[in-house]
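Here's a quick briefing to read alongside the coordinates.

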Amino acid sequence: KGQMVYDREHNVLLYLCSPRVGNFHSLGRCGLSMNDIPVYDATRELILNSGIFVMDHNRMHELEVRTDKLRQKQIELEGINKRLDGLLYSILPVTVADRLRNREFVEPERFDDVTVLFSDIVEY
């Protein structure tokens, strides 16, 4: 899009137009900068919007990668929690373990008769 202008002084016909560019890189390849594009030219908006689109696209990709990593970490943590629960429930009575997991106070109990076994597992 542009217009034809005749320059009588030099006896030339000039075609004034906007360059056909879509982003900052193509603008640079033409040997131009943003200052060469008129302020109210649609080309300026196209170039600026394409830059914003690229930045948004890169941010979205980065967020997707981080979300995938968080999901993976969540799966790992759930596995660790299951193992910890198994250990806790194998050592303590279920009622005590449940109260500890819920961060509740566990009332001490007294038993008149108790058996305690101390053992050692060789090469463990």
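Helices here are DSSP runs of H or I with at least four residues, numbered from the N terminus. By that count, alanine 97 sits in helix H3, which covers residues 94-101. Keep in mind that this is a predicted model.

**Overall layout**
- You'll find three helices and two strands in the protein, and going along the sequence they come in the order β-β-α-α-α.
- The radius of gyration is 36 Å, whereas a compact globule of 124 residues would come out near 14 Å.
- Along the principal axes, the C-alpha trace spans about 120 × 35 × 20 Å.
- Take the contacts between residues at least 6 apart in sequence, and 18% of them join residues at least 24 apart.

**Surface and charge**

**The core and its surroundings**
- In soluble globular proteins, nonpolar side chains tend to be buried together.
- Which residues make up the largest nonpolar core here? It's a set of five: Val21, Leu27, Met34, Ile37 and Ile47.
- Looking past its neighbours within four places in sequence, methionine 34 touches Phe24, Leu27, Arg44, Ile47 and Leu48.
- Arginine 44 belongs to helix H2, which runs over residues 42-91.
- Is arginine 44 buried or exposed? It's buried, because its relative accessible area is 19% and the cut-off for buried is under 20%.
- With neighbours within four places in sequence left aside, the contacts of arginine 44 are Met34, Asn35, Ile37, Pro38 and Val39.

**Around helix H3**
- Alanine 97 has a relative accessible area of 0%, so it counts as buried.
- Beyond its neighbours within four places in sequence, alanine 97 is in contact with Leu88, Tyr89 and Leu92.
- Aspartate 85 is 12 residues away from alanine 97 along the chain, and their C-alpha atoms are separated by 8.5 Å.

**Positive phi, no glycine**
- Asparagine 11 isn't a glycine, yet its phi is positive at about 55 degrees.
- Where does asparagine 11 lie? It's in the loop between strand E1 (2-7) and strand E2 (12-17).
- Asparagine 11 counts as exposed because its relative accessibility is 55%, and exposed means over 50%.
- Arginine 103 isn't a glycine either, and its phi is positive at about 60 degrees.
- You'll spot arginine 103 in the segment after H3, and at 79% relative accessibility it counts as exposed.

**A leucine out in the open**
- Leucine 77 is part of helix H2.
- Why does leucine 77 count as exposed? Its relative accessible area is 52%, and the cut-off for exposed is over 50%.
- Leucine 77 and glutamate 45 are 32 residues apart in sequence, and C-alpha to C-alpha they are 47 Å apart in space.

Methods: Residues numbered from 1 in each chain as written. Predicted model: local features only at pLDDT ≥ 70, side-chain atom pairs only at ≥ 80, totals over all residues. Heavy atoms only, no water. Rg over C-alpha atoms; globule rule 2.2 N^0.38 Å. Contact = heavy atoms within 4.5 Å. Core = buried A, V, L, I, M, F, W, Y, C linked by side-chain atoms within 4.5 Å. Buried < 20%, exposed > 50% of the residue type's maximum accessible area, 1.4 Å probe, protein only.
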